[in-house]
Amino acid sequence: MAAASAVSVLLVAAERNRWHRLPSLLLPPRTWVWRQRTMKYTTATGRNITKVLIANRGEIACRVMRTAKKLGVQTVAVYSEADRNSMHVDMADEAYSIGPAPSQQSYLSMEKIIQVAKTSAAQAIHPGCGFLSENMEFAELCKQEGIIFIGPPPSAIRDMGIKSTSKSIMAAAGVPVVEGYHGEDQSDQCLKEHARRIGYPVMIKAVRGGGGKGMRIVRSEQEFQEQLESARREAKKSFNDDAMLIEKFVDTPRHVEVQVFGDHHGNAVYLFERDCSVQRRHQKIIEEAPAPGIKSEVRKKLGEAAVRAAKAVNYVGAGTVEFIMDSKHNFCFMEMNTRLQVEHPVTEMITGTDLVEWQLRIAAGEKIPLSQEEITLQGHAFEARIYAEDPSNNFMPVAGPLVHLSTPRADPSTRIETGVRQGDEVSVHYDPMIAKLVVWAADRQAALTKLRYSLRQYNIVGLHTNIDFLLNLSGHPEFEAGNVHTDFIPQHHKQLLLSRKAAAKESLCQAALGLILKEKAMTDTFTLQAHDQFSPFSSSSGRRLNISYTRNMTLKDDVAIAVTYNHDGSYSMQIEDKTFQVLGNLYSEGDCTYLKCSVNGVASKAKLIILENTIYLFSKEGSIEIDIPVPKYLSSVSSQETQGGPLAPMTGTIEKVFVKAGDKVKAGDSLMVMIAMKMEHTIKSPKDGTVKKVFYREGAQANRHTPLVEFEEEESDKRESE
């Protein structure tokens with residue numbers, strides 16, 4: 001490697017990495033069970049691609065590598081210091097370090113990635129989705145350096161990436177567009193005047209936006225300025241461009257998008273539509289294909305409009321044309337994403353295609369593998385995005401280790417797209433998505449049943465996830481009926497965020513049995529290792545001469561359980577005034593421990609995990625967490641709370657501070673802004689008061705649950721403490 005290069009190299013043998021440490025989550029060889037078809041490819045007229053660099057991380061990098069390996073193409077990974085031991089690094093044939101954890105210094109560094117491409121002699125760069133995938137300057141730089149950019153030409157990225165330009169092009173092409181302002185005057189006053197002209201509510205959007213970043217709904221003029229500034233800050237962080245546009249916000253629309261593909265020979269096709277209406281924080285959470293309730297003639301019009309959009313900019317490769325659709329299935333162009341979408345697997349499932357393979361072949365100069373007539377729609381597919389986040393806390397992202405991770409078994413109709421393994425860390429520096437669970441079945445109802453079944457088999461311990469929320473969502477009667485729209489989650493908020501019910505007494509019996517059997521298993525292990533059968537630590541059977549032994553246990557919420565050890569190996573458990581007859585055993589399957597249990601004659605089976613002071617039970621009925629109380633003398637003394645001041649909702653960087661000591665604030669006033677996991681969070685005052693102390697300066701890192709601001713003690717507070 002040239003001495004001038006600041007990039008360190010990790011060479012990984014291709015054959016060893018092909019099999020070494022690859023998880024069982026990988027898909028089996030692709031076999032489309034619903035039809036057999038010979039794929040017809042033309043001879044490449046461009047350059048051969050024998051080595052590709054993936055300028056991304058996580059699940060999308062792993063996804064691209066799987067197809068590349070299938071085609072015999074060598075893969076090159078890039079990684080930040082935070083991703084040194086990540087799954088995409090292990091999967092690659094070569095891997096190169098490109099800098100510190102913050103994406104601006106690593107995955108967004110065009111110069112470093114181009115240098116790695118040259119050092120590794122990769123002929124092409126696949127940008128994945130996010131980061132540099134829709135960056136015109138990067139596509140242009142690849143072209144200048146003679147490297148194939150696996151994506152559209154820079155001109156298409158420019159025209160479609162700048163939303164104001166794209167809307168003008170669409171209007172000229174006869175595609176209906178949403179009313180708005182897309183002009184060059186970016187002054188606050190100009191934007192505010194256009195918002196007033198369009199009429200509230202309006203949507204502020206980053207001109208170069210995507211993934212919900214730099215996007216805010218404004219419902220009144222009073223909140224316009226604060227939301228504009230917030231959107232600009234987030235856009236600058238995400239896209240290095242804070243230019244904004246204003247659009248009329250349409251209440252309860254559907255978000256329907258069409259997958260398109262173009263080639264260097266002037267051909268363009270559509271691969272049907274996806275419905276991505278169900279979102280939180282303007283980000284998709286569950287997608288499906290095809291869109292429910294869409295008639296074939298509307299489907300055809302959508303597809304043809306999307307192809308016209310692609311041809312208007314001489315589009316090459318994979319792209320997505322996004323539409324807003326009303327209740328009567330009238331649609332307007334919203335934007336075009338000039339990259340492979342996160343949700344592309346649902347399109348692959350209903351068309352029997354590998355879109356990454358298409359990308360690689362088209363980038364090498366081939367024609368689109370299938371004509372429009374040859375692309376047929378079969379069955380229905382769902383994708384559920386599994387995130388490290390807390391739905392009960394406004395879907396706040398969380399970071400931390402995946403202490404336990406087990407998933408449903410992958411097969412031709414079940415895909416698990418992920419970039420993490422058990423023991424990996426969900427980093428505070430990147431998007432909190434853990435995986436995409438993708439299922440296919442012959443029709444929507446069957447696919448929905450399969451999705452719910454698979455979600456129950458997706459078990460994670462170590463941090464909060466949205467799995468239970470996804471189960472509630474996919475089981476909601478309105479979702480089941482296909483009545484989806486972008487306000488679905490706010491509209492059904494209470495039903496979707498059901499508070500966790502108090503554990504049923506039968507579940508408490510299961511937990512107590514699991515604890516007793518785990519205890520017994522540890523004792524048996526001790527006996528085998530100690531070889532002392534008379535040791536007082538060698539028996540936990542509870543056997544007593546002539547009498548039954550009863551012990552008292554306490555589980556969550558101070559629930560007392562009196563457990564009587566019966567001579568036949570069963571247990572009688574009394575909770576309050578009710579007695580349960582309980583028996584069962586533990587057994588192992590793979591790396592997991594299962595509890596087979598009978599409570600008053602009703603048999604059940606659950607995965608059992610006991611971690612620190614919590615018992616986790618995962619069964620087909622759902623998941624249960626039951627705490628084991630810690631004695632007071634062992635519990636850590638919590639730090640004294642500040643005077644009603646806010647705590648950091650998660651670990652992040654203090655981006656902006658609005659207050660100082662002595663300031664008087666009202667409840668709901670903005671105190672500071674935190675940046676964490678690619679998102680901006682505004683910290684609001686929980687009450688009226690006077691600021692006594694601000695604990696962090698701009699640019700400082702704050703840990704989760706640490707105090708941010710302290711308030712002066714009010715007279716009422718003093719009286720209460722007295």
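Author: Buried means under 20% relative accessible area, exposed means over 50%, and partly exposed is in between, with a 1.4 Å probe and protein chains only. This is a predicted model, in which local features need pLDDT of at least 70, side-chain atom pairs count only at pLDDT 80 or more, and totals for chains, interfaces and linings use all residues. Residues are numbered from 1 along each chain as its sequence is written, and side-chain values use heavy atoms, with hydrogens and water left out.

The part to look at is strand β37, residues 670-676. Helices (H or I, at least four residues) and strands (E, at least two) are DSSP runs, numbered from the N terminus. Of the 7 residues in β37, 7 are buried, so the strand is mostly covered.

Two strands count as paired if DSSP finds at least two bridges between them. One partner of β37 is strand β35, residues 652-657, and the two run antiparallel over 4 bridges. In this pairing, I654 has M674 of β37 as its bridge partner. Another partner is strand β38, residues 679-684, which is antiparallel to β37 over 6 bridges. Here V673 stands opposite T682 in β38.

Next, the cysteines. A disulfide is a pair of cysteine sulfur atoms within 2.5 Å, and a search of the whole structure finds 0 of them. For C509, the closest cysteine sulfur is that of C597, 7.8 Å away, which is too far for a bond. C509 is buried, at 0% relative accessibility. C129 is buried as well, with a relative accessible area of 11%.

Last, the backbone. Most residues other than glycine have a negative phi, and most peptide bonds are trans. Y200 and P201, however, are joined by a cis peptide bond with omega about 0°. P201 sits in the loop between α8 (188-198) and β8 (202-210). A cis peptide bond also joins A289 and P290, with omega about -5°. The loop that holds P290 lies between β15 (286-289) and α10 (296-312).

As for phi, N394 has a positive value near 55° and is not a glycine. N394 belongs to the loop between β19 (389-390) and β20 (396-397). F395 is also in the loop between β19 and β20, and its phi is positive too, about 55°, although F395 is not a glycine. N394 is exposed, at 59% relative accessibility, whereas F395 is buried, at 5%.
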